Amino acid sequence: MSAPFTPSVADSSDASAGETFAQRRAITRAAAGIGLYAGAFGLTFGAVSVASGLSIAQTAVLSAVMFTGASQFALVGILGAGGSPMTGLSAAFLLGLRNAFYGVPVTHILRPRALSRLWTAHFVIDETTAMAVAQPTPRGRRYAFWATGLILFVLWNAGTLAGALIGSGIDTAALGLDAAAPAIFLALLAPQLPRDRAPAVALGSAVVALALIPVAPAGVPVIAAAGVAIAAALAPDRRRPGTNDR
Amino acid sequence: MTATWATIVVAAVGCYALKLAGVSLPESALDDPRVQRIAGLLPVSMLTALVVTDLFDANGRYGADWRTLAGVGAGAVALRLGKSLVVVFLLAIGVTAALRSIA
């Protein structure tokens, strides 16, 4: 397998090179959009983190090494509110657990071996997984994973550093940045809805997550929703053979 | 090393370990059609649940800011009209910010 960091040179002589090129341009454009969002969201995280009492260095380390936004926000939120390290850690781990689930589709697409697992793992997050699974071809999926991952990593960390340095000078609420994450997650979800059983899974997951908000700790509503996907995937197909050839 | 640094290092390494566990599944498991169907539907579940909790979870209680809902709603309309991810993002934060500045 070729190095993941040079995906564009691998197959330029292919017969479908024109199609591949157009597909890659579309993927790169979407990845750049996600990068813009990551920069703005990173800016928010940096500002929130130093406002919670973490140093600039601690804030930067979280974005570079932890590199999973929801867990980072949960950790600094709990530490900033005077919560115990154990509470902060459990929230971060519960929210980070979904990245382990994402390992299933990502491993299926990338098939990383031995040492390449070590760096592939770092980039397994919501955005890279969603972008990868949304592509129609295996090459497109691999390209989408790495293009999204690398652009997002750079801009998430740059945004974090800027936010931490500017600190309380940024009013993230006035900029409407709390709408950024749900809007992007919705945009990542939309192309996956035509998938078989996906609308029912989305509806069921929304109901489960909504029901658990007041009774379960942060992170649990999202993890519990995974149960809906697993149940739907394992449920027997009720359609008779021959009726699904639409 | 301060307690905060220790917490940060444990949290960061732990979250990485979760990602690594996910990509360390054996080939035999990945070739199972049931696992493949789960893999296809998991992001649908997680992304939906994230949207729901982002919008309606106010620190473990139900709560929503109508300006955020309106902003994300505007983004959803743009999405429906086939606009790009950047447009959806900018519209969502723009509408939220504009509503917040006037109300």
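This is a predicted model: local features need pLDDT of at least 70, side-chain atom pairs count only at pLDDT 80 or more; totals for chains, interfaces and linings use all residues.
**Entry 1: two helices in chain A**

I started with helix H9 (residues 198-212) and helix H10 (residues 220-234) of chain A, whose axes come within 8 Å and cross at roughly 150°. Axes here are lines fitted to C-alpha atoms, for helices over the stretch in contact, with angles running from 0 to 180 degrees between N-to-C directions. Helices (H or I, at least four residues) and strands (E, at least two) are DSSP runs, numbered from the N terminus. That crossing makes H9(A) roughly antiparallel to H10(A); the label needs an angle over 145 degrees, while under 35 is roughly parallel, 65 to 115 roughly perpendicular and the rest oblique.

Residues are numbered from 1 along each chain as its sequence is written, and chains are lettered from A and ligands numbered from 1 in the order in which they are written.

Next I looked up who meets whom. Residues in H9(A), including A:Gly204 and A:Val208, meet residues in H10(A), including A:Ala225 and A:Val228. In contact means that C-beta atoms, placed from the backbone, lie within 7 Å. By class I got 13 nonpolar, two polar and no charged residues. Nonpolar covers Ala, Val, Leu, Ile, Met, Phe, Trp, Tyr, Cys and Pro; charged covers Asp, Glu, Lys and Arg; the others, Gly among them, are polar.

**Entry 2: domains of chain A**

Chain A is split into domain 1 (19-175) and domain 2 (193-237), with bounds from an automatic or database domain assignment. Their C-alpha centres lie 22 Å apart. Each domain gives seven residues to the contact. On the domain 1 side, six residues come from helix H4 (residues 85-110) of chain A, the largest share. I sorted that side into six nonpolar, no polar and one charged residues.

**Entry 3: chain B**

I found five helices and two strands in chain B, in the order α-α-α-β-β-α-α. The C-alpha trace spans about 55 × 45 × 25 Å along its principal axes.

**Entry 4: where B touches A**

Here 65 residues of chain B are in contact with 85 residues of chain A. H3(B) gives the largest share of the chain B side, 23 residues. By class, that side has 40 nonpolar, 18 polar and seven charged residues.

Conventions
Two residues are in contact if their C-beta atoms, placed from the backbone, lie within 7 Å.
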